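Thanks for coming. I will take one model today and go through it from the overall figures down to single residues.

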Amino acid sequence: MRTFFLLLSAMLAGFATSETRAAIMEFSDDFQSTGATFTPWVAFSDNGGFPGGYFIDTPSSTNPQIFQLANDGSGGQYLNFFANYDNAPVHNRDAPGQSPISPNAQEAISFFIDQTFTAADTASGDTWTFDFDYARNPAAPPSGATQVGAFIRVFDPVFNLLAEQTLDTIGATDAFQPGQLSITLNPLWTDGQIQFGFNNLVGGFEDSGMFYDNVVIANASAIPEPASLSILAMGSAIFLTRRRRG
C-alpha cells in the first residue's frame with residue numbers, strides 16, 4: 001500500500017509542478033455571461049487619433065465605437081466588433097489656434113486575450129489552438145477596403161513580434177461558420193506575451209461589422225505523458241493486488 005501511495009504522490013507532484021510553471025491558460029467564452037465589460041478581453045488601437053495609439057483594459061460591452069454585446073433575439077449572445085468612424089471628438093479634433101484636424105486615414109483595432117508565457121510553456125514545443133465562430137454583421141458588413149480577421153501573435157518582453165498566424169474573415173456570410181488558428185511554441189522563446197484575438201483595419205468611414213462567438217483557446221499537445229499513465233496503471237495494479245492478498 002505504501003508503494004502505491006508513493007508512486008501516486010510522485011505522479012501528482014509532477015502534474016502540479018508542470019501546472020505551477022506553465023503560464024498560458026486554456027480559455028473559453030461564449031459571451032453568455034458577459035456583463036458590463038468584456039473582461040478579461042482587452043483592446044488596442046494603433047492610432048485612433050492618439051499618438052502611439054490607445055489601450056483599453058476593461059472594454060465596455062456597450063461601447064458604441066468599437067465593440068458591443070449583440071444578441072440574436074432568442075437568448076444567444078456574441079461579440080459585435082467594428083470601428084465606428086463617426087466619433088467626431090476623437091477623429092476630427094480642433095487644436096487651439098489651428099485649423100480642424102482631418103480624420104485619420106485608417107484605424108487598426110485589435111480585440112484579444114493577452115497572456116504571459118515563460119520558458120516552461122515553450123520548452124516542450126506545444127501547439128496552441130484558437131477556435132471560434134464568425135459571421136458578418138448584416139446591418140453593417142465589412143465594405144470597401146476594410147480588412148477583418150483573427151490572429152495569434154507572439155511577442156518578446158519588449159513587444160517585438162516573434163510569430164503570427166492570421167485568418168482573413170472578410171468572406172464571412174450572415175450565418176456563423178467555424179474558424180481555427182494554431183501556433184507551435186518555439187523553445188527558443190523564453191518569455192513574453194501571446195495574444196489570441198480579432199482585428200480590423202478601417203478607413204474612409206467604411207463599415208466593418210463582424211460577429212464572433214464560442215471562443216476556445218486550448219493546448220492541442222496537452223495529453224497525459226505515457227510515463228505518467230504507466231505510473232498510474234502500475235500503482236493501481238499494486239493497490240488491487242494488495243487488497244486481494246488482504
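This is a predicted model: local features need pLDDT of at least 70, side-chain atom pairs count only at pLDDT 80 or more; totals for chains, interfaces and linings use all residues.

Residues are numbered from 1 along each chain as its sequence is written, and side-chain values use heavy atoms, with hydrogens and water left out.

Overall figures, then. The protein chain has four helices and twelve strands; these are DSSP runs, H or I of at least four residues for helices and E of at least two for strands, numbered from the N terminus. Of its 246 residues, 39% are buried, where buried means under 20% relative accessible area, exposed means over 50%, and partly exposed is in between, with a 1.4 Å probe and protein chains only. Among contacts (heavy atoms within 4.5 Å) with a separation of 6 or more, 74% join residues 24 or more positions apart.

Now the core. The largest nonpolar core holds 38 residues, and Phe130 and Phe198 touch the most other members. By nonpolar core I mean a set of buried Ala, Val, Leu, Ile, Met, Phe, Trp, Tyr and Cys residues joined through side-chain atoms within 4.5 Å. Strands that each supply at least two residues of this core include strand 6 (106-117), strand 7 (127-136), strand 8 (147-155) and strand 11 (192-203). Leaving aside neighbours within four places in sequence, the contacts of Phe130 include Phe151, Leu181, Phe198 and Ile217. As background, nonpolar side chains in soluble globular proteins tend to be buried together.

Next, some single residues. Thr122 lies in helix 3, residues 119-122, and is buried, with a relative accessible area of 0%. Beyond four places in sequence, Thr122 is in contact with Phe117, Leu185, Asn186, Pro187 and Trp189.

Which backbone angles deserve a second look? Most residues other than glycine have a negative phi, and most peptide bonds are trans. The peptide bond from Thr39 to Pro40 is cis, with omega near 15°. Pro40 sits in the loop between strand 1 (27-29) and strand 2. Phe31 lies in the loop between strand 1 and strand 2 as well; its phi is positive, about 65°, although it is not a glycine. Is Phe31 buried or exposed? Phe31 counts as buried, at 0% relative accessibility. Asn214, in strand 12, also has a positive phi, near 50°. Asn214 is partly exposed, with a relative accessible area of 35%.

One more loop residue: Ser60, between strand 3 (54-56) and strand 4 (67-71). Ser60 is partly exposed, at 26% relative accessible area. The C-alpha atoms of Ser60 and Thr39 are separated by 8.5 Å, and the two residues are 21 residues apart along the chain. Not counting residues up to four places away in sequence, Ser60 touches Ala36, Thr37, Phe38 and Phe67.

That leaves the surface. The protein chain exposes about 13000 Å², of which carbon and sulfur atoms supply 55%; these areas come from the Shrake-Rupley method with a 1.4 Å probe, and for residues only the protein chains shown count as cover.
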